[in-house]
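Student: I'd like to learn how to read a protein structure, one feature at a time. Could you walk me through this one?

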Amino acid sequence: MNTPDQKKLLSDVDAFCEELRPIEELCYVEHRYNDQVIPLATKYKLMAMPVPVELGGRGADTVTYACALAHIGREGTGVRTFFSGHTSIGQYPILTWGSEEQKRRYLPAGAKGEKIFAFGLTEPEAGSNPLEMQMTYERKGDHFLLNGVKYLISNAGIATTIVTFAKGSTGRMSAFIVDTDQPGFAKEDLTAKMGMPTANTGMFELTNYQVPADNLLGEEGNGFRIAMGTLVSGRLSVAAGCLGVIEDCLTEVVSYAKERQQHGKPIGKHQLVQEHIAAIEMHRFATEAVVFRAAEAKDASQREPPNAELKSQAELLAAQAKLFASNAAWDAADRSVQIFGGRGWSTLYRPGRHLQDVRVCRIYEGTDEILKLKIAAALLGKDFEAYK
Ligand SMILES: Cc1cc2nc3c(=O)[nH]c(=O)nc-3n(C[C@H](O)[C@H](O)[C@H](O)COP(=O)(O)OP(=O)(O)OC[C@H]3O[C@@H](n4cnc5c(N)ncnc54)[C@H](O)[C@@H]3O)c2cc1C
């Protein structure tokens with residue numbers, strides 16, 4: 001991070017994290033939504049980090065944004081998930097496939113915290129296979145009529161704007177920009193979660209919901225491509241956040257292992273504890289490498305959009321980074337809990353909270369299994385796609 005703009009962004013991120021940390025910890029133990037994430041992110045101008053400056057953002061490239069998300073990930077997967085939902089998969093498709101008018105209408109407001117974004121692909125009966133979705137749309141004069149339910153959507157309960165996918169009569173999927181303050185939109189928070197109590201996860205239902213024709217995102221029938229393209233950005237955000245989780249686990253265990261005494265010496269002098277610390281450090285070392293390699297590949301692809309080879313390389317590396325980082329972070333959090341012993345099992349301490357929260361990273365934005373199939377198919381060739 002060498003340019004003044006990159007350094008300033010990261011110092012703003014660190015100031016945000018410092019101010020947020022005590023609030024996040026309190027919300028976590030009280031098991032409630034952290035309503036200070038958005039005001040603080042707005043205060044530090046972090047609501048649109050990779051969005052160009054002329055649209056109100058900070059113009060961060062993918063590498064810088066990944067670094068910012070890694071720092072944010074140290075504060076918890078719930079905090080980072082807000083940014084993934086709002087920016088990496090919420091603003092990103094509008095920035096990438098939106099018309100100039102859509103970008104001007106939505107992105108500057110998102111940067112100011114006046115609009116909050118989400119990405120609505122998953123449904124109760126369509127998760128790993130979005131092609132099985134049941135939400136429908138039909139054209140009715142100057143608008144589209146949408147009907148259906150979206151489930152397990154990050155930020156759904158707080159969003160003003162949700163990029164939503166639905167199937168037309170031909171069976172092809174299209175993407176729409178859905179404003180949540182219009183008739184026909186109903187939402188419900190999903191609170192029975194095993195982690196991320198401070199973040200919002202919800203579902204929403206559209207009943208004869210009218211989307212103005214102007215809010216079709218990209219070309220009609222191009223929704224699947226938009227969804228898959230957006231997941232590259234989302235997967236990178238998850239991988240970067242997992243790096244932050246590992247970094248925070250490492251900071252916590254190094255300090256705890258020096259302080260906590262058992263059998264007459266600091267537990268850090270017991271070799272089996274050292275083995276855990278070395279394993280967490282190896283996770284950090286390797287995860288950092290895969291995250292930034294994938295981020296560089298995405299930057300390279302964005303510099304040359306027509307280059308199909310760079311694009312598929314970026315897609316594959318994002319999938320690999322997400323699969324690797326989420327499993328590494330899960331293991332790092334588990335080992336950290338072990339080093340903290342009984343305290344590790346308590347959510348009063350950071351390792352226990354990371355363990356609960358980071359588990360979801362192996363599920364959302366492509367499960368472990370789906371990513372493995374994608375990686376294998378990239379090596380074997382399209383004919384070997386197991387989920388065809
Ligand atoms: C906290 C949270 C936040 C989320 N946020 C969003 C969001 O913002 N937007 C959004 O659209 N979605 C979101 N999701 C949904 C998430 O992306 C899905 O849960 C995920 O894609 C898996 O879908 P599913 O839950 O329906 O599981 P299923 O698809 O039913 O899978 C169940 C199991 O079967 C396995 N499986 C399925 N198909 C195959 C196959 N062909 N081969 C091998 N194994 C297979 C899966 O890997 C998994 O282990 C979120 C989920 C959670 C938990």
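Student: Let's start with the strands. In which sense do β3 and β7 pair, and over how many bridges?

Tutor: Keep in mind that this is a predicted model. Here β3 and β7 pair in the antiparallel sense, over 9 bridges.

Student: Which strand does β2 join, and how do the two run?

Tutor: Strand β2 (residues 136-140) is joined to strand β3 (residues 143-154) by 5 bridges, and the two run antiparallel. Look at K140: its bridge partner in β3 is H143. The hairpin of β2 and β3 has 2 residues between the strands, and G141 there takes a positive phi near 60°.

Student: Now β4. How many of its residues are buried?

Tutor: A residue is called buried when its relative accessible area is under 20%. In strand β4 (residues 161-167), 6 of the 7 residues are buried, so β4 is largely enclosed by the rest of the structure.

Student: Which strands are joined to β4? Let's take β1 and β5. How does each run with it?

Tutor: Strand β1 (residues 117-120) runs parallel to β4, with 4 bridges joining them. On that side, F117 stands opposite T161. Strand β5 (residues 173-179) runs antiparallel to β4, and 7 bridges join the two. There, F165 stands opposite A175. β4 and β5 also form a hairpin, this time with 5 residues between them, and G171 in the turn has a positive phi of about 95°.

Student: Where do side chains point in a regular strand?

Tutor: In general, they alternate between the two faces of the sheet.

Student: Let's move on to aromatic rings. How is a pair described?

Tutor: You give the distance of the centres and the angle of the planes. This structure holds 11 aromatic pairs. One of them is F82 with F83, which is edge-to-face: 5.3 Å centre to centre, with 75° between the planes. F82 and F83 are both buried, and together with F16 they form one aromatic cluster.

Student: Why is the pair of F185 and F204 called stacked?

Tutor: Planes under 30 degrees apart count as stacked. The ring centres of F185 and F204 are 5.3 Å apart and their planes are at 20°, so the pair is stacked. The pair links distant parts of the chain, since F185 is in strand β6 (residues 185-189) and F204 is in strand β7 (residues 201-212), 19 residues apart.

Student: Are F185 and F204 buried or exposed?

Tutor: F185 counts as buried at 14% relative accessibility. F204 is buried too, with a relative accessible area of 1%.

Student: Which residues lie over the faces of Y28 and W330?

Tutor: R353 lies over the face of Y28, at 5.6 Å from the ring centre. Over the face of W330 you'll find R359, at 5.4 Å from the ring centre.

Student: And the ligand? Which residues come nearest?

Tutor: There are 19 residues around the ligand, and T122, S128, L152, T367 and E369 come nearest. Both β3 and α10 (368-380) supply at least two residues of that shell. In the side chain of E369, an N or O atom is 2.7 Å from an oxygen atom of the ligand.

Student: How much of the ligand's accessible area does the protein cover?

Tutor: On its own, the ligand has 970 Å² of accessible area, and the protein covers 67% of that.

Note on methods:
Residues are numbered from 1 along each chain as its sequence is written. This is a predicted model: local features need pLDDT of at least 70, side-chain atom pairs count only at pLDDT 80 or more; totals for chains, interfaces and linings use all residues. Side-chain values use heavy atoms; hydrogens and water are left out. Rings of Phe, Tyr and Trp (its six-membered ring) pair if their centres lie within 6.5 Å; planes under 30 degrees apart count as stacked, over 60 as edge-to-face and the rest as tilted. Buried means under 20% relative accessible area, exposed over 50%, partly exposed in between (1.4 Å probe, protein chains only). A charge sits over a ring if NZ of Lys or CZ of Arg is within 6 Å of the ring centre and within 35 degrees of the ring normal. Two strands pair if DSSP finds at least two bridges between them. A residue is near a molecule or strand if one of its heavy atoms lies within 4 Å of it. A polar contact is a pair of N or O atoms within 3.5 Å; within protein, one must be able to donate a hydrogen and the other to accept it, and residues adjacent in sequence count only if both atoms are side-chain atoms. Accessible areas come from the Shrake-Rupley method with a 1.4 Å probe; for residues, only the protein chains shown count as cover.
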